[in-house]
Amino acid sequence: QVQLLESGGGLVQAGGSLRLSCAASRSIFSINVMGWYRQAPGKQRELVAGIVSGGSTNYADSVKDRFTISRDNAKNTVYLQMNSLKPEDTAVYYCNARLIAVGVAYEYWGQGTQVTVSS
């Protein structure tokens, strides 16, 4: 079982920056994939960025070159640095952890943190 707690959301003007944090209740060293998803009103939840245990990352096309995901295993925390924010980045951002054990994938979600970008 993994509990995830997001923080760092808020209201920011377009062009501004925010850094989201996701603190896990246990070591993330062995968690295969950590990721950030977002869901805007009336839209489906979408992947924003992911990072695997080896450090490789992937990003949605809409956030490439603006967002950076990183993980600090010593602090059991994953970060999402968001720069050059746009109004269309407004959404609830969720942290996700995917743990694969004995061929079974377990997924865990945080409660979400609201990000609002004003124009």
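Trainee: Where is the place of Asn76?

Mentor: Asn76 sits in the loop between S7 and S8. Keep in mind that this is a predicted model.

Trainee: What is the phi of Asn76 near?

Mentor: The value is near 55°, which is positive, and the residue is not glycine. A second case is Val102, with phi near 50°, again positive in a residue other than glycine. Val102 belongs to the loop between S9 and strand S10 (104-109).

Trainee: Is Val102 buried or exposed?

Mentor: Exposed, because its relative accessibility is 85% and the cut-off for exposed is over 50%.

Trainee: Now the sheets. How do strands pair in general?

Mentor: Strands of a sheet pair through backbone hydrogen bonds, and the pairing is either parallel or antiparallel. Here, an open sheet of 4 strands runs in the order S1-S3-S8-S7, with antiparallel pairing.

Trainee: Which strands stand at the edges?

Mentor: Strand S1 (4-7) and S7 do. Each has a single partner strand, so one side of each lacks a neighbour in the sheet. On average, neighbouring strands of this sheet are turned by 15° against each other, direction ignored.

Trainee: How many bridges join S3 to S8?

Mentor: Strand S3 (residues 18-24) and S8 are antiparallel and are joined by 6 bridges.

Trainee: Next, charges. What can side chains of opposite charge do?

Mentor: They can pair when their charged atoms come close. In this model the count comes to 5 salt bridges. One of them links the side chains of Asp89 and Arg38, at 2.9 Å from N to O.

Trainee: Why does the pair of Asp89 and Arg38 tie parts together?

Mentor: Asp89 is in the loop between strand S8 (77-82) and S9, while Arg38 is in strand S4 (residues 33-39), so the pair ties together parts 51 residues apart in sequence. Both Asp89 and Arg38 are buried.

Trainee: Which other salt bridge involves Asp89?

Mentor: The side chain of Arg66 meets Asp89 in a salt bridge of 2.8 Å, N to O. Arg66 lies in the loop between strand S6 (57-59) and strand S7 (67-72), and Asp89 in the loop between S8 and S9, so this pair ties together parts that are 23 residues apart in sequence.

Trainee: Are Arg66 and Asp89 buried or exposed?

Mentor: Arg66 is buried, at a relative accessible area of 10%. Asp89 counts as buried at 1%. The cut-off for buried is under 20%.

Trainee: What about Arg98: which residue is its salt-bridge partner?

Mentor: Glu107, with the closest N and O atoms 3.4 Å apart. Arg98 is partly exposed at 29% relative accessible area, and Glu107 is partly exposed at 41%. As for networks, salt bridges that share partners join Arg38, Glu46, Arg66 and Asp89 into one.

Trainee: Which side chain does Asn96 join through a polar contact of 3.0 Å?

Mentor: That of Glu107. The side chain of Asn96 also reaches the backbone oxygen of Tyr108, at 3.5 Å. Asn96 is placed in strand S9 (residues 91-101).

Trainee: Is Asn96 buried or exposed?

Mentor: Buried, because its relative accessibility is 2%. Leaving aside residues up to four places away in sequence, Asn96 touches several residues, among them Leu4, Val33, Met34, Tyr37 and Trp109.

Definitions and conventions:
Residues numbered from 1 in each chain as written. Predicted model: local features only at pLDDT ≥ 70, side-chain atom pairs only at ≥ 80, totals over all residues. Heavy atoms only, no water. Helix = DSSP H or I, 4+ residues; strand = E, 2+ residues; numbered from the N terminus. Buried < 20%, exposed > 50% of the residue type's maximum accessible area, 1.4 Å probe, protein only. Polar contact = N/O pair within 3.5 Å; in protein donor to acceptor, adjacent residues only side chain to side chain. Contact = heavy atoms within 4.5 Å. Salt bridge = Lys/Arg side-chain N within 4 Å of Asp/Glu carboxyl O. Pairing = 2+ DSSP bridges. Axes fitted to C-alpha atoms, helices over the stretch in contact; angles between N-to-C directions.
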